[in-house]
Structure formats: C-alpha cells, structure tokens
Amino acid sequence: MQIPYTVEARPDTGLYNAKLGVWLFLASEVMLFGALFSTLILLRTGAAEWPHGYEILNVPLATLNTMVLISSSVSVVLSWASLRLGDFKKFRLWMGVTFALGVGFMIIKTIEYASKFEHHLYPSNDNFMAIYFTLTGLHGLHVLGGMIVMAYLIGPGSRMWKSQPDRFTNRVEVVGLYWHFVDLVWIFLFPTLYLL
Amino acid sequence: MSGHSAEEIKKETRVYILVFVALAALTLVTVGVSYLHLSMGAAIALALFIAAIKGSLVAAFFMHLISERKLIYAVLILTAVFFVALIFLPLGGYADRLG
C-alpha cells in the first residue's frame, strides 16, 4: 500500500503530510527548549549572584560555532534549492557541506567541553554550569540527530531520487526545516548563555 | 514540492545568500555590543532584540514562513501562546513569593 500525501498536498490541510508532521514536531521542540529557557530565567532571577557567561565560557569559540551553524543553514537550503532545479550533484555537494559543518560544530563543542573539564568545571559545580551543560548538551544531541539523517540522505536514502524525485525533495525540505530550528535555538542560546 | 520556475528558485537562492550575510553581520554586532558592558537590563534587551531579528530572518526566509499555509501559522500561534505561558508563569510565581 502506498503512503498517501507524500508529494501532493492533502485537500484539507493544503500540505503534504511530512511537512505538517515536522511543524508539529518542531512545536513540541519549542516547548522542550522553552522549558529549559524558562528554567534558566528562573534560576538567574532567583540567584543572589549569577556569573557573567563571558567570564567563564569561551566567547570566540562560540562565535565561531554560531558562524558555522548559520553557514550550515544556508548550505542546507541551497541543497534543497538544487534538487528543485533538478541538480542532484549540487544537492549532494551542499548537503555534504552541511554535514561537514555539523561535524565542525561538534568538534568545536568538544574542544569547549574538554577545556571546561580541564578546569574542573562540571554540571555539578553550580546552577550556571548545570544549565549550560544541559542546554548546550541537548542542543548538541539535536545537531547529532540532524547529521545522522543527513548522512542517510547523502548515502543510501538518496536512491529515492531516481524512483521518486518529488518525494525525495520533500524529505530534504523537512530535514532542512529541522536543521533551521536547531540553528534558531542556538541563535538564542548564544547570547543568553555566553554574552550576558 | 513547489511548482516554482527555475528563475524563481534562483531568485530565492540570492535571497538566501543575502540573509546569510545579514545573519553573519548581526552575529558580529551581538558580540561587539557585549564588549560595551552595558547595564544588565540594557544588555539583555539588546541581545534578545538582535537574536529576535536573526531568528525572524531564519524563520521567514530559510523556513519559508513568509509564504506558508494558514494551518502552519495556526500551529505556530498556538505554540507561541504556550511558550509565553511557559516562560512567564514560573516567573509570576517567583514574583508572588517575593511579595
């Protein structure tokens, strides 16, 4: 049996199913990260003393990571645009660039974490370090999750392009939406944790 | 999949590049502002204002919310309502305890 509405829009929603599905998933993700941002605000306003992020965390590395992530956002949208133009080679190139930027983000994050551990800064130290590791750790897991799906789309999943090019293009769009959300979370994480 | 023409897609691509340049520039502005050592209230307001502009650019252009179906707007409005409650209700409780 064929899965309905993978390409054509459902008459009642005006959307193909995966697109509505990913937006509902992203709505749940907003609540997940929202709960943690709410925790950060509550901890910060309730604390007698709260450190400045820039005194403890590595701002240049985090700035570099911000650049890496926004670059990956543009490369993933270019991979989708390439498919819409029917250019599979360019899709692979841009999706490969996005994956590589994801790897770069994780390497920089690992360097940052290693430096914290070297200085004996752990989540158990205080509320600031606890929320820093929780938020950036959860965000990092999201980056990793996106990279796994991208590796699939570059590799074995790309076979779909030959049999169902429109469906494959939609898959790439949906992954792109998820990836932009991961970028969006970082855009707020970066100033609230590192710069204030 | 959208039924846009090749020319339209190429035009969209140019917009993506412009958005990327704006995001990179705003990131540098955010970092630069943090070195001004403004008062905490002003620093938070400014940092969140710039982050909101960056977030809006990503959502509007990369996530194509600028031209999306009504159902998605409805989902997002509902999400925004719950998000605001999630952020401000605990703070309200905290303010209450302070008296």
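Reply: Helices are DSSP runs of H or I with at least four residues, strands are runs of E with at least two, and both are numbered from the N terminus. Read in order along the sequence, chain A gives the pattern α-α-α-α-α-α-α. That is seven helices and zero strands. The model is a predicted one, in which local features need pLDDT of at least 70, side-chain atom pairs count only at pLDDT 80 or more, and totals for chains, interfaces and linings use all residues. Residues are numbered from 1 along each chain as its sequence is written, while chains are lettered from A and ligands numbered from 1 in the order in which they are written.

Start with the chain as a whole. Along the principal axes, the C-alpha atoms of chain A fill a box of roughly 60 × 35 × 25 Å. Chain A has 196 residues, of which 36% count as buried (buried means 20 or more other C-beta atoms within 10 Å of a residue's own, exposed means 12 or fewer, and partly exposed is in between, with C-beta atoms placed from the backbone). Two residues are in contact if their C-beta atoms, placed from the backbone, lie within 7 Å. Among the contacts in chain A with a separation of 6 or more, 76% join residues 24 or more positions apart.

Helix α5 of chain A covers residues 127-154 and helix α7 of chain A covers residues 165-195; their axes come within 10 Å and cross at roughly 160 degrees. Here axes are lines fitted to C-alpha atoms, for helices over the stretch in contact, and angles run from 0 to 180 degrees between N-to-C directions. α5(A) and α7(A) are therefore roughly antiparallel (under 35 degrees is roughly parallel, over 145 roughly antiparallel, 65 to 115 roughly perpendicular, and the rest oblique). Their crossing is left-handed, a term for a near helix turned anticlockwise from the far one by less than a right angle, with clockwise being right-handed. The residues in contact include His139(A), Val143(A) and Met150(A) of α5(A), and Val175(A), Trp179(A), Val182(A) and Trp186(A) of α7(A). By class, this contact has 15 nonpolar, four polar and one charged residues (nonpolar are Ala, Val, Leu, Ile, Met, Phe, Trp, Tyr, Cys and Pro, charged are Asp, Glu, Lys and Arg, and polar are the others, Gly among them).

α5(A) also packs against α4(A), at an angle of about 150 degrees and with the axes 10 Å apart. That makes α4(A) roughly antiparallel to α5(A). The crossing of α4(A) past α5(A) is left-handed. Residues of this contact include Gly96(A), Phe99(A) and Gly102(A) on α4(A), and Gly140(A), Val143(A) and Met147(A) on α5(A). The contact of α4(A) with α5(A) holds eleven nonpolar, six polar and two charged residues.

α7(A) has α3(A) as another partner: their axes come within 9 Å and cross at roughly 165 degrees. α3(A) is thus roughly antiparallel to α7(A). α3(A) passes α7(A) in a left-handed crossing. The contact of α3(A) with α7(A) divides into 14 nonpolar, seven polar and three charged residues.

Next comes the core. A nonpolar core is a set of buried Ala, Val, Leu, Ile, Met, Phe, Trp, Tyr and Cys residues joined through C-beta atoms within 7 Å. The largest one has 60 residues, and those touching the most other members are Val77(A), Phe181(A), Val182(A), Val185(A), Trp186(A) and Phe190(A). Elements giving two or more residues to this core include α3 (59-84) and α7 of chain A, as well as α1 and α2 of chain B. α7(A) supplies the largest share, 16 residues. Leaving out residues up to four places away in sequence, Val77(A) touches Gly176(A), Tyr16(B) and Phe62(B).

That leads to the other chain. The contact between the chains takes 43 residues from chain A and 38 from chain B. On the side of chain B that touches chain A, the elements giving two or more residues are α1 (6-34), α2 (40-62) and α3 (70-98) of chain B. The most come from α1(B), with 13 residues. This side of chain B has 27 nonpolar, eight polar and three charged residues.
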